[in-house]
Amino acid sequence: MASPLLIPDSAEQLLIAEDRKELLRFTTAGSVDDGKSTLIGRLLYDSKNVYLDQLESVTKASEGRNAGPIDFSLLTDGLRAEREQGITIDVAYRYFSTPKRKFIIADTPGHEQFTRNMVTGASTAELAIVLVDARKGLLPQSRRHAFISALLGIKRIVIAVNKMDLVGYSEEVFRQVELDFGKFLAQFEDLQPYFLPISALLGDNVVARSEQMPWFTGRSLFEHLESVPATDRAAGAPFRFPVQRVIRPDLDYRGYAGQIASGSLRPGDRVVVLPSGRASRIKSIVTFDGEKAEAQSPESVTLLLEDEIDIARGDLIARAGETIEVARSIEATLVWMSEEPLDLRKRYRLKHNTRLEWAEVKKLHHRININTLEHEPAHRLEMNEIGFIHLEVPRALYFDPYKRNRTTGAFVLIDPFSNSTVAAGMIAGVAKPAFEERASLRPVRIEERAARLKHRGAIVQLGSREGLADRLERSLFDRGFTVVRFRQWAPEWKQALLDAGLLVVVNDSALPACAIETAGSRVDFDESAALPANEVAAAQLIGDALEKAGVFVADPELAESEGI
Amino acid sequence: MPTLNHLRLLEAESIHILREVASECQRPVLLYSIGKDSSVLVRLCQKAFYPGPIPFPLLHIDTSYKFREMIKFRDQFTASIGVKLIVHTNRAALDDGATPYAWGTQRCCGALKTQALLDGLRAGAYDAAIGGARRDEERSRAKERVFSFRDSRGQWNPRNQRPELWSLYNSRIEPGEHLRVFPLSNWTELDVWQYIHAEKIPIVPLYFAKVRQMLVTGDSLIPVEQPFVTMGPGQELKWVKCRMRSLGCSPCTGAIYSDADTVPKIIEELFGMRRSERQNRIIDHDTDGSMELKKQEGYF
């Protein structure tokens with residue numbers, strides 16, 4: 001087959017072309033028999049990116065297998081177990097280039113149990129190729145692949161209807177898939193699908209346009225890959241710079257090293273540092289190759305600021321005046337990747353940007369059925385399942401929703417015991433206040449109140465002695481106690497106020513008796529032990545009585561330090 | 001702003017990876033092989049930590065059978081950029097007579113490379129070994145993670161690798177375990193050469209074509225540097241214009257016929273070339289899938 005590729009005929013021509021060469025990362029998904037490995041082998045072979053010795057080694061291995069003279073899938077199935085079983089078991093990365101572009105393929109297996117691989121491959125891709133077997137039409141697995149691509153934020157998706165040679169290159173078959181799949185894809189916002197009929201085995205519409213399908217006038221797969229925009233990075237995206245490392249060659253120099261997650265900046269730009277909220281300006285953008293007048297995502301640079309601010313790894317530098325979400329409680333879509341299911345009682349390590357935090361999944365709102373996309377109630381999340389969760393961290397995260405930013409909106413969870421990566425998360429936003437969800441059903445006990453208030457409930461009745469009541473209220477208040485004042489009193493309130501653990505000072509002239517009442521005691525100041533007329537002495541006496549009744553709870557820290 | 005070309009994107013990613021290892025691991029070390037990929041890696045390290053120094057040492061596993069020009073380049077290059085170099089050799093195996101001729105290539109590599117590397121890492125208590133391996137080199141490497149976990153015996157389990165998403169690398173390990181980190185994972189051989197050209201990175205002169213004395217058998221050119229490399233039946237000693245496409249031990253690294261004596265000429269040659277760069281490495285062809293087996297055992 002004629003190749004449309006231009007091979008430069010001199011090194012100079014080649015090196016000039018290199019200066020303009022872009023990079024496009026894409027992922028491929030398909031099921032065991034969709035011919036995905038064959039398609040990739042074909043891309044590598046037809047774009048002349050396969051070396052002779054690799055070809056000889058797979059031609060040797062092709063003998064005895066049933067896939068034509070050269071089994072292209074052998075170019076990609078790298079591990080022995082895969083070659084023996086004829087399946088692909090892990091994400092593999094492939095590379096090829098044309099004079100216009102360099103391509104990185106994340107080649108992912110399509111079996112249901114390997115959702116985690118598909119998610120991994122899609123996480124770094126800007127485009128996805130979903131393979132459909134023309135003989136079988138739209139199957140649940142194709143929908144799954146499209147859903148996962150969309151979930152991971154891929155906007156450009158190629159639906160390659162493969163094995164067209166086996167259906168007589170029928171336009172009708174192709175249009176039916178286009179119609180069925182088109183309806184399904186319509187539910188994803190911003191998704192730009194491109195449908196095309198191919199034969200990976202025979203090369204139709206892979207590199208060159210097929211002569212067998214004159215009814216199809218669109219671009220071949222290759223032409224499409226070379227012409228779609230290579231990146232979604234919007235020029236006006238907010239500037240985000242997670243600090244990776246502080247570079248300090250000497251005491252006077254503090255450079256903040258990192259990779260720009262989004263946006264661009266110039267020296268002089270006003271920035272704000274999170275979490276401190278301190279503001280400054282960019283003094284210079286430093287690189288090994290000299291200072292830069294401007295830097296953009298995803299460059300790795302070192303920033304110097306005008307002001308001396310305490311900044312550490314894990315902090316984030318943003319442009320002043322641009323908003324960013326800050327929250328300890330977030331909601332996220334979680335893809336579970338471990339054989340051990342999600343444990344709501346366990347703490348996990350969360351890696352977000354350059355930060356590592358402890359995290360607790362507080363609630364699993366629902367599970368997403370990847371075949372029907374329906375939300376199902378769930379109490380567990382197992383390997384290859386996708387759930388929507390509420391997660392909490394002890395110190396606030398600064399992030400953007402994943403839909404807006406695929407770097408600052410992503411995180412992974414790591415099991416603190418096995419150290420393996422167990423989940424991939426995409427932040428939806430700040431969690432709504434989950435008041436009732438956090439409430440424990442246990443009643444609040446008197447001891448719990450006493451521990452917080454530092455005193456138990458007591459009611460001090462002072463009859464008509466208003467001045468004494470004022471003095472007592474002030475002195476209890478100044479000692480940090482929670483004291484309330486009543487000038488009218490009804491005896492039926494007593495129990496509720498004692499249970500509430502409050503210090504109550506009552507001066508109701510309709511009730512002349514003076515007394516102190518607590519949950520387990522009562523002291524009457526009657527004729528035999530009347531309160532002194534002197535207010536200072538009377539207040540002292542009441543204080544002593546409260547102390548004696550055990551109303552004041554000793555500060556546990558103070559008690560410890562005194563060795564009690 | 002102009003869009004960044006693919007080399008700048010690869011560079012940015014590699015620098016990010018190097019800063020992550022240096023920040024998250026306790027005792028990283030850079031495995032320095034003297035080859036072109038190592039030269040690129042060292043330049044990326046200089047860029048990642050500029051204007052500070054490279055915050056970890058370089059470790060060279062010396063089999064004692066490397067080309068003399070490699071050792072000379074190593075010593076000059078590392079001294080010129082002021083980085084700490086540690087050299088580790090499996091002396092015991094050499095004393096027992098380890099040569100690819102006496103022991104066979106598999107056993108010789110096992111002792112002088114794999115075992116020496118594991119011993120060297122243990123001796124320095126390193127928890128992360130940064131290497132210049134690329135995924136396009138060999139089929140089993142296509143599935144290698146950027147942060148690749150090795151158990152307490154230094155072994156790789158390809159069926160139980162940690163998922164690796166976005167640019168969020170998992171560096172968590174227990175004492176005794178270690179990580180291999182590959183900042184050049186997404187580079188191809190062509191990218192490496194283009195970067196060497198764009199950045200004017202110094203490389204060992206063996207990569208450039210020159211008239212050299214070789215043991216010639218058909219297409220195979222074997223350098224004669226070691227006394228135990230002697231002429232076999234059907235071989236003849238000839239002066240030929242040739243260069244090394246990759247650098248290993250001199251008895252096991254064949255040269256290729258070439259006139260390419262500059263980096264652009266090498267790139268041009270590469271474009272016309274239809275053989276992958278490891279093809280002149282005798283050790284890879286022992287058995288089908290032999291690189292995968294070596295890696296499982298701890299080979300780099």
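Helix H11 of chain A, residues 466-478, lies across strand S23 (458-462), S24 and strand S25 (503-506) of that chain. The helix runs at about 165 degrees to S24(A). Angles here run from 0 to 180 degrees between N-to-C directions, and the axes are lines fitted to C-alpha atoms, for helices over the stretch in contact. Contact means that the C-beta atoms of two residues, placed from the backbone, lie within 7 Å. Helices (H or I, at least four residues) and strands (E, at least two) are DSSP runs, numbered from the N terminus.

A word on the model. It is predicted: local features need pLDDT of at least 70, side-chain atom pairs count only at pLDDT 80 or more, and totals for chains, interfaces and linings use all residues. Residues are numbered from 1 along each chain as its sequence is written, while chains are lettered from A and ligands numbered from 1 in the order in which they are written.

Back to the sheet under that helix. In chain A, 5 strands form an open sheet of mixed pairing, ordered S24-S25-S23-S26-S27. Its edge strands, S24 (483-486) and S27 (522-525) of chain A, each pair on one side only. Pairing requires that DSSP finds at least two bridges between two strands. On average, neighbouring strands of this sheet are turned by 10 degrees against each other, direction ignored.

Strand S26 of chain A, residues 514-518, pairs with S27(A) in the antiparallel sense over 4 bridges. Within that pair, Ala515(A) stands opposite Asp524(A). Another helix of chain A, H13 (residues 535-548), lies across S23, S26 and S27, running at about 25 degrees to S26(A).

Which strands pair with S16(A), residues 325-336? One is S20(A), residues 386-399, antiparallel over 10 bridges. The other is S22(A), residues 421-430, also antiparallel, joined by 7 bridges. Ile330(A) stands opposite Leu391(A) in S20(A), and Thr333(A) stands opposite Met426(A) in S22(A).

Next, confidence in chain A. The mean pLDDT, the predictor's confidence in each residue from 0 to 100, is 85 for this chain, and 84% of its residues reach 70 or more. Over residues 1-7 of chain A the pLDDT is below 50, and this stretch has 13 contacts in the model beyond near neighbours in sequence. Residues 556-564 of chain A are also below 50, with 2 such contacts.

Chain B comes next. How many residues of chain B are in contact with chain A? There are 53, and they meet 60 residues of chain A. Helices H1 (6-24), H2 (36-49), H7 and H8 (263-272) of chain B each supply at least two residues of that side of chain B. H1(B) has the largest share, 9 residues. By class, the side of chain B that touches chain A has 20 nonpolar, 17 polar and 16 charged residues. Ala, Val, Leu, Ile, Met, Phe, Trp, Tyr, Cys and Pro count as nonpolar, Asp, Glu, Lys and Arg as charged, and the others, Gly among them, as polar.

Last, the inside of chain B. Its domain assignment gives domain 1 (6-201 + 289-297) and domain 2 (206-285); such bounds come from an automatic or database assignment. The domain centres, taken over C-alpha atoms, are 23 Å apart. Their contact takes 25 residues from domain 1 of chain B and 22 residues from domain 2 of chain B. On the domain 1 side, H7(B) gives the most, with 6 residues.
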